[in-house]
Amino acid sequence: MAVDLRAHYSAHPEKRATLYFLALGFVVFVVGSLFGPFQALNYGGLDAYPLLRRLLPFLNSYYQGLTLHGVLNAIVFTQLFAQAVMVYLPAQELGLRPRMKAFWLAWGMAVVGLLTAAVPLLADEATVLYTFYPPLKGHWAFYAGAGLFVLSSWVSAYVALELWWRWKRAHPGRVTPLVTYMAVTFWLMWLLASLGLVLEVTVLLVPWALGLIEGVDPLLARTLFWWTGHPIVYFWLLPAYTIVYAVLPKQAGGRLVSDPMARIVFLLFLLFSTPVGFHHQFADPGISPFWKGVHSVLTMAVAVPSLITAFTVAASLELAGRLRGGRGLLGWVRTLPWREPAFAAPVLGLLAFIPGGAGGIVNASFTLNYVVHNTAWVPGHFHLQVATFVTLTALGTLFWLVPQLTGKPVSEGQKRLGLTAVWLWFGGMLLLGLGLHWAGLLGVPRRSYIVGAPPDAYADPALTLPKLLNAVGGVVLLLALVLWVGVMLGLLLPRRREPALLEAPLPLAEAVSNADGRRLGRALDRLGLWFALAVLLVAIAYGPPLARLLEQLNPVAGLRLW
Amino acid sequence: MDEHELHRRVLTYERGWIAFALGMLVLFLALIGYTLGGQLAGVVPHGEAERVDPARVRVEGPWADPARLVVKTAPGRYTVHALAFAFGFQPNPIEVPQGAEVTFKITSPDVIHGFHVEGTPINVEVIPGRVAVVRFTFRRAGEYRVVCNQYCGLGHHTMFGRLIVVPSQGEAVEGDGR
């Protein structure tokens, strides 16, 4: 069937831009993920890096590969996915066209930032890992590129917020539709959260790397980094939450049980995401234990919206399972559409999110944290969270989003292969997650080339099983990745397009209870006020400790030790 | 089930779940508060900013003076001036007596390092220009490994130290505190 793609894209230019963000994001995801198995093998006690170096001659060390993996997967892929869906979804829901110049400007800034940072990364001039703690000193182009890349997200925030303002002006007194509400709280949260990183990069790191200032205070830099470094995990997480709230119940054949509860969840993230960064710095000197305690309490508060999400999403899925004829205590689970990768991927991710979240509570617990701080437990934790739940949700989303953006159909065979890739990814991550947590409890440090340590350093027989889990997990994940790339190429390469797919509406779920027309809905909608409260909370939690750090500045000289 | 009844039942479960979740978090916070009062209070690095010049710590001050690396400050109390540097620790080994309260004052002359005494909650970020101060009493005699667990450069994975807890006289090598 002939499809006039040009006409469709000129009527819906946001689809083309969204596709560009997604395509770049997933290319980055694939490239970054290729390094992962080699790190997993390292934690399995096997040195596959010589092999990788033969394939990629520019690679000088384990730590250069680790830097690439962290930057590309954790920072670049996640942000590009957010810039795609958290603009596209509200635009479709409201039926408004985004300001296209700004939308493309954001894409251009992201590309230029990424390329600028990539040169020193590939040239081994910025092997500082994705936390880039000074006084390790990378090339200025790395900091400048990373800064420009992050700033491109501010332009995306403008594009999404402008859609909302335009809708609000046209619909005075109406409560914001749910997906748009999620997008607006998400971007407001990120504007506040990203301020720390943007300040660190623009005021401290770029001038320092250019030689304009002599030294940087490493503790101040760490504090600004973690101002952003914790809420950035919600920046990764909330696009996935948006999808499991707004789309997943529909794919399951049911409805979202509570629209107001979903709003409360996103509002709590707006309030509590940012003033929690010190729980990454429990082990730092020179920060008052009182303020660490405050951040520990606030971190527990930010667990609340995730606990509510567990309930609301599970209840929505149960409702769907029962509508599909499921009976008994757990009989409804079997009736759900497990053969659809768009359904199975996020749901498997949510399952991994349960132990991952419990581990997160351990990390946030002031005194318990010292047992696991900077051990392999920590990457074990975030591989269950971002590399399993967020990533699987993103992979699953492509099965309905790509047809909507391109008109290309997903065949039954592709679904089956896609489902296999999803299960392999899930299984591989569970093995790796278990192995890394376990090794961490036995004292194995994170981000360490342990196969290069003295031969007896990690020879403890107790490490045999966790190391095996890491190695097997890494190999399974490599298989999953290769299979998934095959599925995507099979989906994208054929030229056949179907107009019905292009015209299909967003698969948004209806809610059992709604917010529109209710006092609660209107109160939750006063986002200016809520944002002011979020700013106030950050000012309270960071103001006094930051003021003290500034009083007691102690800049030190930079070093390159790689 | 009609719409109204469904909504009502979901709300009941939802309230129960939220109450349970909040209750658990309050319990966790109470446990954290309780542990902060005991032995673990010492492993939280001091909040006071003790600043040093990383370029000078190896030539002047307590970290440069072999006689002051491990000092007995009072009966049963010791202070250890430890240095984490690329890529090792000083002194190495650190020797302290069993059952003594040991205050570690740790700093770095170059980049950020970790100082994790394996099997204990002594787990500190060592930041150049700052002194990390933590306190711990080793109840179990024997040798502990100190591991750098913060990326510090190409030799990071070779950065280990030793800490030897010498059995105190008159006491058996038991009394494992863990």
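Student: How much space lies in the second largest cavity?

Tutor: This is a predicted model, and a search of the whole structure finds 4 cavities of 30 Å³ or more. The second largest cavity is lined by 14 residues, with Val71(A), Ile75(A), Ala146(A), Phe149(A) and Val150(A) lying nearest its centre. The space in the second largest cavity comes to about 120 Å³.

Student: Which helix gives the most to the lining of the second largest cavity?

Tutor: At least two lining residues each come from H4, helix H5 (100–122), helix H6 (140–170) and helix H7 (178–209) of chain A. By class, the lining of this second largest cavity divides into 12 nonpolar, 2 polar and no charged residues. The helix that gives the most to the lining, with 5 residues, is H6(A).

Student: Which element gives the most to the lining of the largest cavity?

Tutor: The largest cavity holds about 600 Å³ of space, and of the 33 residues that line it, the closest to its centre are Gly36(A), Gln39(A), His69(A), Phe382(A) and His383(A). Two or more lining residues come from each of H2, helix H4 (62–94), H16, helix H17 (412–441) and H18 of chain A. With 8 residues, the element that gives the most is H4(A).

Student: How many charged residues are in the lining of the second largest pocket?

Tutor: About 440 Å³ of space lies in the second largest pocket, and among its 19 lining residues Ala23(A), Phe26(A), Val27(A), Met488(A) and Leu492(A) lie nearest the centre. The largest share of this lining, 6 residues, comes from H2(A). Sorted by class, the lining has 16 nonpolar residues and 1 polar residue, while the number of charged residues is 2.

Student: What is the area buried between chain B and chain A?

Tutor: The size of an interface is often given as the accessible area lost when the parts come together. Here the contact takes 57 residues from chain B and 69 residues from chain A, and on the chain B side Arg130(B), Tyr151(B) and His157(B) lose the most area, together 14% of what that side buries. Carbon and sulfur atoms give 68% of the total, and the area buried between the two chains is about 5,100 Å².

Student: How many salt bridges does the rule find across the interface of domain 1 of chain B and domain 2 of chain B?

Tutor: The domain assignment of chain B gives domain 1 (1–43) and domain 2 (62–166), and their C-alpha centres lie 39 Å apart. The contact takes 4 residues from domain 1 of chain B and 6 residues from domain 2 of chain B, and the two domains bury about 480 Å² between them, 51% of it on carbon and sulfur atoms. Across this interface, the number of salt bridges that the rule finds is 0.

Definitions and conventions. Residues are numbered from 1 along each chain as its sequence is written. Chains are lettered from A and ligands numbered from 1 in the order in which they are written. This is a predicted model: local features need pLDDT of at least 70, side-chain atom pairs count only at pLDDT 80 or more; totals for chains, interfaces and linings use all residues. Side-chain values use heavy atoms; hydrogens and water are left out. On a 1 Å grid over the protein atoms alone, a cavity is a set of points where a 1.4 Å probe fits but cannot get out, and a pocket is an open set with protein on both sides within 12 Å along at least five of seven lines; lining residues have an atom within 4 Å of a point. Grid points are joined across faces, edges and corners, and a volume is the space filled by probe spheres set on the points. Helices (H or I, at least four residues) and strands (E, at least two) are DSSP runs, numbered from the N terminus. Ala, Val, Leu, Ile, Met, Phe, Trp, Tyr, Cys and Pro count as nonpolar, Asp, Glu, Lys and Arg as charged, and the others, Gly among them, as polar. Domain bounds come from an automatic or database domain assignment. Contact means heavy atoms within 4.5 Å. Buried area is the accessible area (1.4 Å probe) that two parts lose on being put together, summed over both. A salt bridge is a side-chain nitrogen of Lys or Arg within 4 Å of a carboxyl oxygen of Asp or Glu.
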